[in-house]
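Please look over the following chain and its model before reading the briefing.

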Amino acid sequence: MEKIRVLTLVGGISRDSLNKKLYHAVKERAPQSIKILTFDISKIPFFSQDIENDPPDSVIEFKDLIREADAVLFITPEYNRSFPGVLKNAIDWGSRPYGQNLWDKKPAGVMGATVSNVGTFGAQHHLRQVLAYLNLSVMAQPEFYFTSKNSFDEKGVLTDEKTKKFIDQYWRAFSDWIIKLIPSSEKGESREFAKDEHPPTH
Ligand SMILES: Cc1cc2nc3c(=O)[nH]c(=O)nc-3n(C[C@H](O)[C@H](O)[C@H](O)COP(=O)(O)O)c2cc1C
């Protein structure tokens, strides 16, 4: 059975990024019906209208992945009560040239991890505002605010059981959200989506 392709973009690009660690846990716990696509957004240059019609290979590769994706999952850090510029840059690239917004009508989810108590609330709500404008259908509930306090081991593996359960709950809701929103024409006989009733156990 065909899998649901979820492009997962991480707004943290540092080597030891907390959000990269969260991404690995989220990927690890994805239901069988989900195929995770990802892209290192630090590979693409700053957006400029001078090059939007003739973008470099990294942008072409990124745009191909957006086209291929059935849905998009954003995992964002919080920078100064917003989401990082590197993520906005990637989103801007996907929205251009004018009239060729590749994000249009994609089901989307938003998660985030921070070291402080606000749990990326500010970042996620700024991000949701941008995604709404670009006509992505962002799942409202459950919200996923994650304050990392010793949740990962020294290898960056998630050890906190409560967070694992919450990720599983998020995946159940997000899979349902995506299936509900993918047009029936795309779910035709050749693309029948599997629906996991139970998350994988680890
Ligand atoms: C420029 C900058 C601004 C930050 N602003 C916030 C903030 O507004 N709220 C917050 O919770 N953490 C803030 N932090 C701390 C980040 O949550 C922390 O560095 C986190 O590890 C970033 O995610 P990452 O490791 O995935 O890059 C900030 C960090 C930086 C570098």
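Where is the place of Thr120? Thr120 lies in the loop between E4 and helix H4 (121–133), where helices (H or I, at least four residues) and strands (E, at least two) are DSSP runs, numbered from the N terminus. This is a predicted model, in which local features need pLDDT of at least 70 and side-chain atom pairs count only at pLDDT 80 or more, while totals for chains, interfaces and linings use all residues. Residues are numbered from 1 along each chain as its sequence is written.

**Overall architecture**

- The chain holds 5 helices and 6 strands, and from the N terminus on these elements follow one another in the order β-α-β-α-β-α-β-α-β-β-α.
- The radius of gyration of the chain is 17 Å, close to the 17 Å that the globule rule gives for 202 residues, so the chain is as compact as a globular protein of that length; the radius is taken over C-alpha atoms, and the rule is 2.2 Å times the number of residues to the power 0.38.
- Taken along the principal axes, the box filled by the C-alpha atoms of the chain is roughly 45 × 45 × 25 Å.
- Of the 202 residues of the chain, 34% count as buried, a class that requires 20 or more other C-beta atoms within 10 Å of the residue's own, whereas exposed means 12 or fewer and partly exposed lies in between, with C-beta atoms placed from the backbone.
- Among contacts with a separation of 6 or more, 81% come from residues 24 or more positions apart, and two residues are in contact if their C-beta atoms, placed from the backbone, lie within 7 Å.

**Strand E1 and its partners**

- In strand E1 (residues 4–10), 6 of the 7 residues are buried, so the strand is largely enclosed by the rest of the structure.
- E1 runs parallel to strand E2 (residues 34–38), to which 5 bridges join it, and it also pairs in the parallel sense with strand E3 (residues 71–76) over 5 bridges; pairing requires that DSSP finds at least two bridges between the strands.
- Leu7 has Leu37 as its bridge partner in E2 and stands opposite Val72 in E3, while Val10 stands opposite Ile75 in E3.
- E1, helix H1 (residues 18–28) and E2 make a right-handed β-α-β unit, where right-handed means that, with the strands pointing away from the viewer, the path from the first strand over the helix to the second runs clockwise.

- E3 pairs with E4 in the parallel sense over 5 bridges, and Phe74 stands opposite Val110 in E4.
- A right-handed β-α-β unit is made by E3, H3 and E4.

**Backbone details in the loops**

- Most residues other than glycine have a negative phi, and most peptide bonds are trans.
- Thr120 has a positive phi of about 70° although it is not a glycine, and it is buried, with 29 other C-beta atoms within 10 Å.
- Asn80, in the loop between E3 and H3, has a phi near 50°, a positive value in a residue other than glycine; Asn80 is exposed, with 8 other C-beta atoms within 10 Å.
- The peptide bond from Arg96 to Pro97 is cis, with omega near 0°, and Pro97 lies in the loop between helix H3 (85–94) and strand E4 (107–114).
- A cis peptide bond, with omega near 0°, also leads from Gln141 to Pro142, and Pro142 is placed in the loop between strand E5 (137–138) and strand E6 (144–147).

**Surroundings of the ligand**

- The ligand is surrounded by 15 residues, the closest being Gly12, Ser17, Asn19, Pro77 and Ser116; a residue is near the molecule if its C-beta atom, placed from the backbone, lies within 6 Å of it.
- This shell divides into 5 nonpolar, 8 polar and 2 charged residues, with Ala, Val, Leu, Ile, Met, Phe, Trp, Tyr, Cys and Pro counted as nonpolar, Asp, Glu, Lys and Arg as charged, and the others, Gly among them, as polar.
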